[in-house]
Amino acid sequence: MRFLRAVRGNGKATTGAILLAIFVVLALFPGLFAHDDPTATIYPRNLGASAAHLLGTSGLGQDTFAQAVYGTRQVLLISFGAGLLATLIAAVIGVAAAYLGGFADGALNLITDVVLVIPLFPLLIVISAYVHNSGTAVLIAVLTLTGWSYTARQLRSQALSLRNRDFLAAAKVRGERAWYVIAVEILPTMVSLLVAAFLTNALYAVLFASSLQFIGLGDPNSTSWGTMLYWAQNNEALQAGYYLQAVVPGAAIALLGAAVALLNYAVDEIGNPALRPVRSRRQRTRQLRRLGRA
Amino acid sequence: MRFVLRRAGFFLLTLWAAVTLNFFLPRMMPGNPAIAMMAKFRGRISGQELRTLETIFGVNSGQSLPAQYVHYLGDIATGKWGTSLFFFPSPVSQVVRTAIFWTLGLVGITTILAFVLGTGVGIVSAWRRGGLVDSFAPPLLVIASAIPYFWVGMMFILIFGVRLQWLPWSGGAAITSTPGWSLDYIVNVLEHALLPALALLITTIGTWTLTMRNNMVTTLAEDYVRMARAKGLRSSRIMLDYAARNAILPNLTGFAMSLGFIVGGAILIEYVFNYPGVGYMLLQAVENEDYPLMQALFLLITVAVLVAILLADIATAIFDPRTRSAQ
């Protein structure tokens with residue numbers, strides 16, 4: 001509730017939340033907005049925008065608008081799926097390392113650091129090159145396994161700062177198990193950090209998944225924005241003047257990315273009061289006056 | 001000293017992890033990609049090349065997995081990276097050497113520019129908090145960093161290349177111009193680098209601005225800044241020598257690390273612009289199933305990052321005594 005109120009009071013957060021909500025609706029009910037079948041290759045190829053085809057058609061004769069609308073679902077699935085799973089793994093590993101301490105901490109920390117410094121995108125390319133035509137599930141798995149380390153590190157240092165708090169000592173005295181303490185006592189104190197981490201991971205998942213699909217390492221028959229870009233590039237759409245084929249999916253990725261980034265920027269401001277926008281003197285007097293009236 | 005040893009140990013461990021990944025990845029995959037590929041190349045390549053492939057994939061070698069592994073580690077350590085299958089018969093090391101030259105030029109210079117400009121904007125927007133720069137630059141740059149940078153590149157090709165025809169958008173230099181230190185050639189190379197560099201710059205500048213701004217907002221509230229104001233120092237001095245100087249450390253560490261990401265950091269930009277650097281080569285290798293080249297490039301990219309991190313750690317330890325005791 002407090003979070004919702006904070007989102008509403010922050011212009012950037014509101015913009016991001018509304019954009020994201022629109023994408024979620026598109027992903028849930030694509031049929032309401034686009035009437036053409038996104039996979040049917042039945043139209044004339046490389047059409048420009050018209051009333052029948054709002055955003056033209058692709059090089060294979062599909063309706064670009066329908067593709068963009070139906071493509072939302074896979075992109076959101078991958079970004080929410082990989083974002084959620086990576087954050088979850090990070091939370092378990094990071095907090096466990098901090099809470100258990102000693103040898104477990106050393107070992108988990110070392111694994112985290114190693115995963116952290118191996119360059120992510122080249123690794124993703126190498127893995128996808130061996131897998132061939134990764135579908136949704138494979139992309140989520142790969143992005144999760146390579147993407148958790150940064151968050152784990154952040155959460156570990158946050159959990160370390162909590163280690164000597166009284167409520168944890170109390171839980172220990174009560175004789176609670178380690179997993180209970182981690183899940184019920186520690187994690188709820190880090191909600192804002194977890195939300196920020198989830199948003200960052202989701203953003204990276206969108207960008208990385210689209211990039212992999214763009215270079216042809218995804219499933220070329222799936223309906224998603226990255227795949228649309230892949231076909232546009234294959235079709236030499238830019239050079240041939242079929243701009244919409246490349247502009248539409250890229251703009252969609254950029255909009256979704258911007259929505260997530262804006263939300264994240266706002267979460268930063270909500271979590272760290274020092275970063276909040278400073279009010280001008282006029283706004284401040286207005287607020288004081290309002291308070292005085294109440 | 002102990003600190004340096006620890007970091008060096010971590011360096012070796014990570015390097016080993018990367019090599020091990022290279023070794024096990026093709027072996028873990030369902031429907032062994034090697035067998036399909038070996039069948040494709042049989043008859044077209046010499047016995048020695050076939051053996052390189054066999055070492056990489058561990059097919060037909062009759063060795064146990066641990067023995068193959070030891071053999072593989074030995075080959076990597078002694079620089080036997082094999083022969084590129086696509087750029088046959090060039091050895092992998094030679095292909096890598098030409099590619100790295102292009103990448104260092106394009107991405108290296110862009111990374112430095114992005115750091116300098118981004119940090120500068122960050123300083124100004126923290127100093128004039130809520131001012132014109134601060135209201136527009138950080139949010140815009142945040143949005144820009146959420147746009148896939150390869151798509152920015154594509155839009156640049158569309159606008160400045162195809163429509164306006166101002167600049168070339170494919171390759172490192174025109175095929176017609178002869179390489180050398182002639183003015184023509186240098187101008188030609190610069191023209192080809194301009195669009196990819198701009199696309200990279202726009203999408204990478206934001207992170208520098210944001211961290212610098214947020215750090216400087218914190219240092220501006222410190223007592224020593226208030227003290228400097230009370231002393232009546234010139235405001236440019238307070239801004240740069242007091243506030244910015246203390247806020248820049250995280251950005252400097254980040255910069256040292258990003259130097260490592262130069263080698264593998266702009267793969268898609270190179271792909272979109274057909275720029276003949278490391279990233280373009282990596283994708284070529286993937287597309288042509290040139291696994292020896294692909295593995296070597298992945299290792300090279302990893303090593304670059306590791307070296308940069310090692311240097312960044314040591315530099316931070318020298319510049320910031322607090323980190324030494326924290327270890």
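**Figure 1. A salt bridge between B:R226 and B:D223 within one helix of chain B**. B:R226 and B:D223 are separated by about one helical turn, because they stand three residues apart in helix α9 (residues 223-230) of chain B. Helices here are DSSP runs of H or I with at least four residues, strands are runs of E with at least two, and both are numbered from the N terminus. The two side chains meet in a salt bridge, at 3.4 Å from N to O. The term salt bridge means a side-chain nitrogen of Lys or Arg within 4 Å of a carboxyl oxygen of Asp or Glu. Both B:R226 and B:D223 are exposed. Exposed stands for over 50% relative accessible area, buried for under 20%, and partly exposed for values in between (1.4 Å probe, protein chains only). This is a predicted model, in which local features need pLDDT of at least 70 and side-chain atom pairs count only at pLDDT 80 or more, while totals for chains, interfaces and linings use all residues; side-chain values use heavy atoms, with hydrogens and water left out. Residues are numbered from 1 along each chain as its sequence is written, and chains are lettered from A and ligands numbered from 1 in the order in which they are written.

**Figure 2. A salt bridge between B:R213 and B:D134**. Side chains of opposite charge can pair when their charged atoms come close. For B:R213 and B:D134 the N to O distance is 2.7 Å. This pair links distant parts of the chain, with B:R213 in helix α8 (residues 183-220) and B:D134 in helix α6 (residues 132-146) of chain B, 79 residues apart. Both B:R213 and B:D134 are buried, whereas B:R226 and B:D223 of the previous view are both exposed.

**Figure 3. A salt-bridge network in chain A**. A:R174, A:E176 and A:E185 are linked by salt bridges into a network. Between A:E176 and A:R174, the closest N and O atoms are 3.1 Å apart. A:E176 counts as partly exposed because its relative accessibility is 28%. Over all chains, the structure holds seven salt bridges.

**Figure 4. Packing of α8 and α11 in chain B**. Two packed helices are described by the angle between their axes and the distance between the axes. The axes of α8(B) and helix α11 (residues 249-260) of chain B come within 9 Å and cross at roughly 160°. So α8(B) is roughly antiparallel to α11(B). Axes are lines fitted to C-alpha atoms, for helices over the stretch in contact, and angles between N-to-C directions run from 0 to 180 degrees. Angles over 145 degrees count as roughly antiparallel, under 35 as roughly parallel, 65 to 115 as roughly perpendicular, and the rest as oblique. The crossing of α8(B) and α11(B) is right-handed. In a right-handed crossing the near helix is turned clockwise from the far one by less than a right angle, and in a left-handed crossing anticlockwise.

**Figure 5. Packing of α4 and α5 in chain A**. Helix α4 (residues 64-100) and helix α5 (residues 102-117) of chain A pack at an angle of about 150°, and their axes are 7 Å apart. Therefore α4(A) is roughly antiparallel to α5(A). The crossing in which α4(A) passes α5(A) is left-handed.

**Figure 6. A nonpolar surface patch on chain A**. The patch is formed by A:V25, A:L28, A:F29, A:L32 and A:F33, which together have about 490 Å² of accessible area. Helices α2 (11-28) and α3 (30-33) of chain A are the elements that give two or more residues to the patch. Patches are made of residues with over 30% relative accessible area and no salt bridge; nonpolar side chains (Val, Leu, Ile, Met, Phe, Trp, Tyr) are joined within 5 Å, like charges within 9 Å. Accessible areas come from the Shrake-Rupley method with a 1.4 Å probe, and for residues only the protein chains shown count as cover. A:V25 is partly exposed because its relative accessible area is 36%.

**Figure 7. B:N274 in a loop of chain B**. B:N274 lies in the loop between α12 (267-272) and α13 (278-287). Although B:N274 is not a glycine, its phi is positive, at about 50°. With a relative accessible area of 34%, B:N274 is partly exposed.
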